[in-house]
Amino acid sequence: MSLSNGNQSTPPGWYADPAGSPQLRWWDGTQWTEHLQAPAAPAAPVAQPGYPAAPAYPAAPAYVGAATAIPGVPAGTPVYGPLIWVITLLPLLSLLLLPLSLSDLEPMMRNAMSDPYSSYSPYSGMSGAALLGQGLATVLGWALYAAAVVLGYFDYKWLQRQGYVRPFHWAWSFLGSVYPIGRAVVVRRRAGRGIAPMWVTIAIIALSFAISIGLVLWIFSVAFSTIGSTNGSFT
């Protein structure tokens with residue numbers, strides 16, 4: 001049987017066996033040959049009789065930049081070290097410094113409002129002890145801030161020693177309460193627990209906010225009483 005069509009001949013190749021077998025038979029361009037072959041998978045190269053098979057290409061390597069899941073830690077891995085609790089509770093020490101920062105607030109405001117158009121030092125009317133207290137509060141506030149950053153670095157290293165891969169970075173300590181919150185979230189994802197520092201930090205933030213509102217109201221009350229007493233002295 002020929003596949004010729006007029007003056008045009010079918011090119012050589014594997015075709016369905018005209019004898020009716022489920023295999024393919026080789027057509028050499030002029031006639032059928034005795035070479036048979038099972039149908040190959042679509043992606044597999046088909047060898048021609050007398051020619052070597054096409055070389056198989058290796059599979060493409062995995063993309064290096066592909067995202068990989070960060071592993072967790074074994075059950076029982078510690079989640080709380082002593083440093084994280086120091087970092088979490090440091091803001092409470094800052095709240096304890098508020099009385100030093102507000103020393104002699106009322107005399108200072110009274111002196112300022114007695115003659116608002118005169119040039120005066122913002123610290124006039126304050127005692128030496130009050131000035132010392134404010135200076136001490138400022139220095140201690142910066143010391144607590146630096147301590148939180150340093151302790152955040154060492155807590156980050158502690159987490160790595162416990163087996164945590166890519167824990168929350170210590171540089172977030174420069175933003176204060178961001179580090180204990182972010183650290184708790186990441187540890188919770190890796191170990192299934194360890195969220196307590198986040199809730200303690202949120203509670204301290206809420207307490208600080210409430211104290212700030214109380215201080216603002218107190219300062220306004222001092223200002224109004226000072227204005228009232230000043231006006232009464234001029235009548």
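**Close-up views of a predicted model**

**View 1. Here we look at I211, a residue of helix α6.** Keep in mind that this is a predicted model. With a relative accessible area of 30%, I211 counts as partly exposed, because that label covers anything between 20% and 50%.

**View 2. Zooming out from I211, we get a nonpolar patch on the surface, made up of L89, L92, L207 and I211.** Two elements, α1 (82-96) and α6 (196-234), each give two or more residues to the patch.

**View 3. Next up is an open sheet of 3 strands, running in the order β1-β2-β3.** The pairing here is antiparallel. Out at the edges sit β1 (13-16) and β3 (32-37), each of which pairs on one side only. From one strand to the next, the twist averages 40°. As a reminder, strands of a sheet pair through backbone hydrogen bonds, either parallel or antiparallel.

**View 4. Now we move in on β1 and its partner β2 (residues 24-27), which pair over 4 bridges.** The two strands run in the antiparallel sense. Look for Y15 here: the residue opposite, in β2, is R25.

**View 5. The last stop is D155, found in helix α4 (residues 128-161).**

Note on methods
Residues numbered from 1 in each chain as written. Predicted model: local features only at pLDDT ≥ 70, side-chain atom pairs only at ≥ 80, totals over all residues. Heavy atoms only, no water. Patch = residues over 30% accessible without salt bridge, like charges linked within 9 Å, V, L, I, M, F, W, Y side chains within 5 Å. Areas by Shrake-Rupley, 256 points an atom, 1.4 Å probe, with all protein chains shown as cover. Salt bridge = Lys/Arg side-chain N within 4 Å of Asp/Glu carboxyl O. Buried < 20%, exposed > 50% of the residue type's maximum accessible area, 1.4 Å probe, protein only. Pairing = 2+ DSSP bridges. Axes fitted to C-alpha atoms, helices over the stretch in contact; angles between N-to-C directions.
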